[in-house]
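I opened my notebook to look up a few contacts and to write down what I found.

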Amino acid sequence: MMFKRYPYTIGLVAVISFIVCIVWLFTHEACMHPLGNGLAAWWAFIVVPILLVTIVEEAGGEE
């Protein structure tokens, strides 16, 4: 529902959050920030791809 209404906004926020997570992972040591790095990796490599696939599927879906 929401993905059909604001696909570009949600996609843009997902891409920006992905970039922020990658920057975090490259600039912080894992041994000093294990929880932060785990959350950043989870968001960047699991949540954002699922979000983008959902957006593409709903935008191109049959009505």
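Leaving aside neighbours within four places in sequence, I found V48 in contact (heavy atoms within 4.5 Å) with A14, S17, F18 and W43. I note that this is a predicted model, in which local features need pLDDT of at least 70 and side-chain atom pairs count only at pLDDT 80 or more, while totals for chains, interfaces and linings use all residues. Residues are numbered from 1 along each chain as its sequence is written, and side-chain values use heavy atoms, with hydrogens and water left out.

Next I looked up S17, which sits in helix 2 (helices are DSSP runs of H or I, at least four residues, numbered from the N terminus). Not counting residues up to four places away in sequence, S17 touches W43 and V48.

F18 is partly exposed, at 30%. Its ring and that of F45 have centres 6.4 Å apart and planes at 85°, so I recorded the pair as edge-to-face (ring centres within 6.5 Å, planes over 60 degrees apart). The two lie 27 residues apart, F18 in helix 2 (residues 7-27) and F45 in helix 3 (residues 34-59).

Methods
Phe/Tyr/Trp six-rings, centres within 6.5 Å; stacked < 30°, edge-to-face > 60°. Buried < 20%, exposed > 50% of the residue type's maximum accessible area, 1.4 Å probe, protein only.
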